[in-house]
Amino acid sequence: MTTQDALGATEPDDAQALAAAAAGATYPVAPGYRVKVRQGPGTGYPAVRTLAEGARIQIRCQQHGQSVSGPYGTSDIWDCIGAGQYVSDAYVRTGSSGMVAPRCTN
């Protein structure tokens, strides 16, 4: 089941998002891209590493940040893949234009 936010974007219910995270779901990075992993949800944050082409990521949580355009559209959602490690959702094929994981609490 999903809910809609004020902008009409569909987001998962907490139970659905937690189940996906607990199941260890992984998502592919856009083919042909080496995506930078940043310390925070925006391109102004320093890059901490670069994902290899063909990488798959497990999303711990998501939060809104800087809007970025990529192969999967324009999004202000950033995927947290580890402590202090964020990837723009515009480069990750989640199958949704909304959040697929719980919101980050930090």
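Accessible areas were computed by the Shrake-Rupley method with a 1.4 Å probe, and for residues only the protein chains shown count as cover. The structure is a predicted model, in which local features need pLDDT of at least 70 and side-chain atom pairs count only at pLDDT 80 or more, whereas totals for chains, interfaces and linings use all residues. Residues are numbered from 1 along each chain as its sequence is written, and side-chain values use heavy atoms, with hydrogens and water left out.

The accessible surface of the protein chain is about 5900 Å², and carbon and sulfur atoms contribute 50% of this area. Of the 106 residues in the chain, 39% are buried (under 20% relative accessible area, 1.4 Å probe, protein chains only).

The protein chain contains 1 helix and 9 strands (DSSP runs of H or I with at least four residues, and of E with at least two, numbered from the N terminus). Their order from the N terminus is β-β-α-β-β-β-β-β-β-β. Strands β7 (residues 61-70) and β8 (residues 73-82) run antiparallel and are joined by 7 bridges; pairing requires at least two bridges found by DSSP. A hairpin of 2 residues connects β7 to β8, and S69 has T74 in β8 as its bridge partner.

Among contacts (heavy atoms within 4.5 Å) with a separation of 6 or more, 46% involve residues 24 or more positions apart.

Note on methods:
Buried < 20%, exposed > 50% of the residue type's maximum accessible area, 1.4 Å probe, protein only.
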